[in-house]
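Subject: Handover of a structure

Dear colleague,

Please find below the structure that I am handing over to you. I would be grateful if you kept it at hand while reading the notes that come after it.

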Amino acid sequence: MNDETNLLSQLTGHWYNFLKKENVKFPTGEIKKNQLMCLLDYYPNAVSQETMDQWIRQRGGRNDRQARHLAWNGWYIQTGNKKSKRMEINPDLANDELRLVSFQIPNPVWQKYHQNQVETELKYPGFGKIIRKYKGRGCFMCGTKTLDLVPYSKLKDDTNEFDIVPLCEECCEWCITNEVVLQISDNLVARPFVSNRKENVERSISAKKAAKTRIFNKEKRSASAKIGAATRWRNSGKAKTACDHTIKVNSVKKKGGPKEGKWSIVIRGPKVSGESRKKTLYCEPSLVHVLDKLSSYLGHYEIVDPETGIPGILPNSESGE
Ligand SMILES: [Zn+2]
């Protein structure tokens with residue numbers, strides 16, 4: 001077995017010589033470094049989550065059992081998990097096993113994804129920026145999180161700042177079939193634009209989607225009734241979600257710590273961990289990063305108040321990239 005210093009210097013060397021130019025990310029955090037060192041130590045064999053955990057703990061390191069995320073930093077690993085969409089599935093591996101395949105070529109699934117992004121960008125300039133900006137938002141219609149978001153451009157003229165919105169393939173197909181024009185609400189939900197001429201098309205919206213829209217509107221109405229149509233959020237600076245969380249974003253005041261210059265996101269409400277019923281996340285000071293953090297913590301969520309959505313509660317007028 002190799003010692004850690006040796007493994008880390010091997011990793012750094014391989015990355016520098018082969019993977020850096022392919023935009024593979026070298027981990028900055030301890031946990032991902034530990035996981036990569038373990039994968040390299042077992043190379044070219046597979047290693048189970050359990051074994052990796054022991055391997056790391058024996059060396060006094062920390063682990064989060066999320067080594068699969070390395071695949072989306074570009075590292076060429078395979079999994080036995082049949083559900084994986086972000087790396088090759090190797091049928092010889094057990095469900096919880098990962099295997100480092102190469103430290104000279106990047107993860108082909110990851111690479112193909114980025115090539116497709118480049119091609120789509122050529123066809124639909126600006127789409128990549130929208131995807132990056134609303135990373136974690138998923139399909140603008142149904143909220144499904146998928147890597148295969150496709151651009152849809154039949155939008156109502158005065159609809160936000162968008163020319164194109166990302167949709168999942170299913171929603172996009174539905175929109176194309178029904179020649180739907182989408183309207184984007186302030187909280188970034190795409191809905192079919194309702195006009196008399198299109199009434200028939202509107203009626204054919206799948207029951208599920210229509211119901212979802214109705215529930216959302218109902219929640220929105222009841223939330224705004226509670227607040228009494230006042231602009232209390234302007235004073236509180238809090239956003240409220242349909243799932244009953246409140247969200248507040250502040251600039252970190254403390255100077256000189258690792259969080260200096262960052263924003264803190266305080267989430268309160270149901271299923272928020274900790275005795276204080278509150279969760280604080282930290283991110284870079286921009287809208288994109290706030291949306292990203294919220295999606296990874298809350299999953300799909302709808303802001304019902306304020307009307308302006310998250311941009312309306314940010315510490316300053318900063319609105320993303
Ligand atoms: Zn969708």
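The model is predicted: local features need pLDDT of at least 70, side-chain atom pairs count only at pLDDT 80 or more, and totals for chains, interfaces and linings use all residues. Residues are numbered from 1 along each chain as its sequence is written.

The chain has 10 helices and 12 strands (DSSP runs numbered from the N terminus: H or I of at least four residues for helices, E of at least two for strands).

Helix α1 (residues 4–19) packs on α2 at an angle of about 95 degrees, with the axes 9 Å apart (lines fitted to C-alpha atoms over the stretch in contact, with angles from 0 to 180 degrees between N-to-C directions). The two helices are therefore roughly perpendicular (65 to 115 degrees). E4, L7, L8, Q10 and L11 of α1 meet K33, L36, M37, L40 and D41 of α2 (contact: C-beta atoms within 7 Å).

In helix α3 (residues 49–58), M52, W55 and I56 are buried. They lie on the same side of α3, because they cover an arc of only 95 degrees around the axis (taken from the directions from the helix axis to the C-beta atoms). Their cover includes α2 (30–42) and β1 (46–48). The face turned away from the buried side carries the exposed residues E50, R57 and Q58. G60, with a positive phi near 75 degrees, follows α3.

Yours sincerely

How values were computed
Buried ≥ 20, exposed ≤ 12 C-beta atoms within 10 Å, placed from the backbone. Contact = placed C-beta atoms within 7 Å. Parallel < 35°, antiparallel > 145°, perpendicular 65-115°, else oblique.
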